[in-house]
Protein chains: 2
Amino acid sequence: MPPFSRFTALTEQLPASVPFVGPEVQERQAGTPFMARLGANESGFGPAPSVIAAITEASATVWRYGDSESFDLCSALARRLDLPCEQIIVGEGIDSLLGLTVRLVVETGTPVVTSLGAYPTFNYHVTGYGGRLVTVPYRDDREDLEALRDAVLREDAPLVYLANPDNPMGSWHSADAVTAFARSLPDTTLLVLDEAYGEFAPDGVLPPVSDLAQLPNVLRYRTFSKAHGLAGLRVGYVFGTAETVARFHRVRNHFGVNRLGQVAARAALEDAHWLDHVRAQVAAALQRLAQIAEQNDLQPLPSATNFLAIDCGSAVRARSILEGLNAHRVFIRMPGVAPLDRCIRVSAGPASELDAFEKALPTVLAGLT
Amino acid sequence: MPPFSRFTALTEQLPASVPFVGPEVQERQAGTPFMARLGANESGFGPAPSVIAAITEASATVWRYGDSESFDLCSALARRLDLPCEQIIVGEGIDSLLGLTVRLVVETGTPVVTSLGAYPTFNYHVTGYGGRLVTVPYRDDREDLEALRDAVLREDAPLVYLANPDNPMGSWHSADAVTAFARSLPDTTLLVLDEAYGEFAPDGVLPPVSDLAQLPNVLRYRTFSKAHGLAGLRVGYVFGTAETVARFHRVRNHFGVNRLGQVAARAALEDAHWLDHVRAQVAAALQRLAQIAEQNDLQPLPSATNFLAIDCGSAVRARSILEGLNAHRVFIRMPGVAPLDRCIRVSAGPASELDAFEKALPTVLAGLT
């Protein structure tokens, strides 16, 4: 039976694409669960016990819609960032905020600049709103700031994406380089600065908030899905100038941020001890993952995130290793395009999950033809 | 400081509108909390104890992204509706699903038919995507099916909205009338059939699932926010033909439905006893609200929902009563346009909240000039 006949011309031509195939979907396809979940850069170290307690305490209040302004959370973020609340919007995860951003800027044919192999969900939104992706290759496994800026100027693009630290490679630019990049853009180009992994970055990687807070053409995105261990609760935020940020109010889903997410995120912000604990666990896990890689003659790349890109020598080999690990019920992912796809990407996780990776990897490598 | 200068022409002209001012926002404005929360048609009877237990049990798993297919919940819904999973999409509440629907159908200038005074959030989405709202007055406090169809034909509109039972009036059409309406529409017009309050409707109001399930131009929307008491967890679903429903996969936020929402909704579906309990509580509360209205010489309207529209005689009087009740810290709402705005709208709630309403109402009425 054909579908309804009058969808827009734009959506008629879109593919039924999924930026990522979720691990549960893969488990259903395989008919068996994963033993290690190291593919989605979640925090296997979990949310803080204080956060779990806050969720439990609030669970009986879920009959109430969430606060449409996420006021308590926004206020806590404002204190943390030393910004007024008006410069911050809380949303249903960075993915949702990226979608709203694209909707605010992109029309059919609008050129949007990003790096070839960078975040697929951003690309999904750009395509979904009819934009035209202009991609720039990575350079030495980092996003190429100069080439991104050249592409912006060449295309007169109103939107450019940069993740710092980067996903999927784990690489980074210095705060000074990012600030210089932001300032070098025309004021007619909006910089989407995705800092989802910012809590893992060493000092000197995230530009100080005040260095970019006065630029109307810069928006910075952060999340509770990574270091704070709340991926399943869908809370992210964006900050920039008050006037630019206010545009989200015209298009956002006002009651979209769930109540337990708001409560949990606020509790997570207050538990600095747990964040330190997670950072230490992640650092140790990345060190161990690097050792495992080297013991198997694979090359770990430097990382400022909670995952490790591991160079397998070629795309064919990386793909085979990924499939072999998946067959051993170890969930990992890999970049989608050359030359990044010579790597696999493995998330930091608890020791038992790294054990599974450590055990499976040599078997998988030995089985390669 | 002006905002970023290159937002789309469409979003540049949108107002920073909010379809509803949330109760928490009103509490902050007033500097004092509400004593009774009877304005958002939430379920003050709460989620089931079994649901709270399920949330608590799952709280430590929130570090994982939710299943991108909401498979367990979708499967449970499929069994309940006797439909294959492919005919159902779970989303972040009906509001989000309405936004996606509008995005799939509406371009700049697209005519969209709805009733004058019907759900503001649907209108927010239509305006937000550049659509042109064509409104039809209610007739005897019900949505006017004949006039809606006439407007669809006159405007050649690809989208029409109908809530059954209706919000904000609580009125309804018979299943037969709704089915006939759906079948009378051109196949080039998509019917958005909002059944958010369906669990409260008496027999003979909701068309049987199989009666409309083969129509590519009908989508039906239901939610866990009302009878199931999960407004704060943002879970709704839409069902229709597999081919029409599949279009949502092209534009939806694949990992947008939070994990605890999925878990809680599934638990709620399995607790038929609690649903019966809530329905009985709502029926009793509506009866009491009607008595309170009559004791104060106000006219309650019939309701097939979990709220009561109460005729106050005029818009000015209704507005004064609403403001008076709010001043007594009783949160209620009222329809936005004539002639519906001669009414206030009060949600069913626990006895203590109705007590506050009962106590405040005569004082408010006595104070009217």
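The side chains of Arg28(B) and Glu69(A) meet in a salt bridge, with N and O 2.8 Å apart; the term denotes a side-chain nitrogen of Lys or Arg within 4 Å of a carboxyl oxygen of Asp or Glu. This pair crosses between chains, from helix H2 of chain B to the loop between helix H3 (49–58) and H4 of chain A. Helices (H or I, at least four residues) and strands (E, at least two) are DSSP runs, numbered from the N terminus. Over all chains, a search of the whole structure finds 38 salt bridges.

The model is predicted, so local features need pLDDT of at least 70 and side-chain atom pairs count only at pLDDT 80 or more, while totals for chains, interfaces and linings use all residues. Residues are numbered from 1 along each chain as its sequence is written, chains are lettered from A and ligands numbered from 1 in the order in which they are written, and side-chain values use heavy atoms, with hydrogens and water left out.

**Interface of chain B and chain A**

- In chain B, 88 residues are in contact (heavy atoms within 4.5 Å) with 88 residues of chain A.
- About 7,700 Å² is buried between chain B and chain A, 58% of it on carbon and sulfur atoms; buried area is the accessible area (1.4 Å probe) that two parts lose on being put together, summed over both.
- Within chain B, the residues that lose the most area to chain A are Arg6(B), Trp63(B) and Tyr65(B), together 11% of what that side buries.
- The rule finds 10 salt bridges across the interface of chain B and chain A.
- A salt bridge links Arg6(A) with Asp156(B), where the closest N and O atoms are 3.2 Å apart.
- Between chain B and chain A, 54 residue pairs are in polar contact, both residues being at pLDDT 80 or more. A polar contact is a pair of N or O atoms within 3.5 Å; within protein, one must be able to donate a hydrogen and the other to accept it, and residues adjacent in sequence count only if both atoms are side-chain atoms.
- Several helices of chain B each supply at least two residues of the side that touches chain A, among them helix H1 (9–13), helix H2 (23–30), helix H5 (93–105) and helix H11 (259–270).
- H5(B) gives the largest share of that side of chain B, 5 residues.
- The side of chain B that touches chain A divides into 37 nonpolar, 29 polar and 22 charged residues. Here Ala, Val, Leu, Ile, Met, Phe, Trp, Tyr, Cys and Pro count as nonpolar, Asp, Glu, Lys and Arg as charged, and the others, Gly among them, as polar.

**Domains of chain A**

- Chain A is assigned domain 1 (20–46 + 273–367) and domain 2 (49–270); the bounds come from an automatic or database domain assignment.
- The centres of domain 1 and domain 2 of chain A, taken over C-alpha atoms, are separated by 25 Å, and the contact takes 26 residues from each of these domains.
- Domain 1 and domain 2 of chain A bury about 2,000 Å² between them, 68% of it on carbon and sulfur atoms.
- Phe20(A), Ala304(A) and Leu340(A) supply 27% of the area that domain 1 of chain A buries against domain 2 of chain A, more than any other three residues.
- Across the interface of these domains of chain A the rule finds 1 salt bridge and 7 residue pairs in polar contact (both at pLDDT 80 or more).
- On the side of domain 1 of chain A that touches domain 2 of chain A, H12(A) gives the most, with 5 residues.
- That side of domain 1 of chain A comprises 16 nonpolar, 6 polar and 4 charged residues.

**Sheet in chain B**

- An open sheet of 3 strands in chain B has the order E9-E10-E12, with antiparallel pairing; two strands pair if DSSP finds at least two bridges between them.
- Strand E9 (299–300) and strand E12 (343–347) of chain B are the edge strands, each pairing on one side only.
- E9(B) is joined by 2 bridges to strand E10 (residues 307–311) of chain B, and Asp311(B) in E10(B) is the bridge partner of Gln299(B).

**Backbone features**

- Most residues other than glycine have a negative phi, and most peptide bonds are trans.
- The peptide bond from Asn167(A) to Pro168(A) is cis, with omega near 20 degrees, and Pro168(A) is found in the loop between strand E5 (159–163) and helix H8 (175–184) of chain A.
- In chain B, the peptide bond from Asn167(B) to Pro168(B) is cis, with omega near 20 degrees.
- Asp82(A), although not a glycine, has a positive phi of about 55 degrees; Asp82(A) lies in the loop between helix H4 (71–81) and strand E2 (88–91) of chain A.
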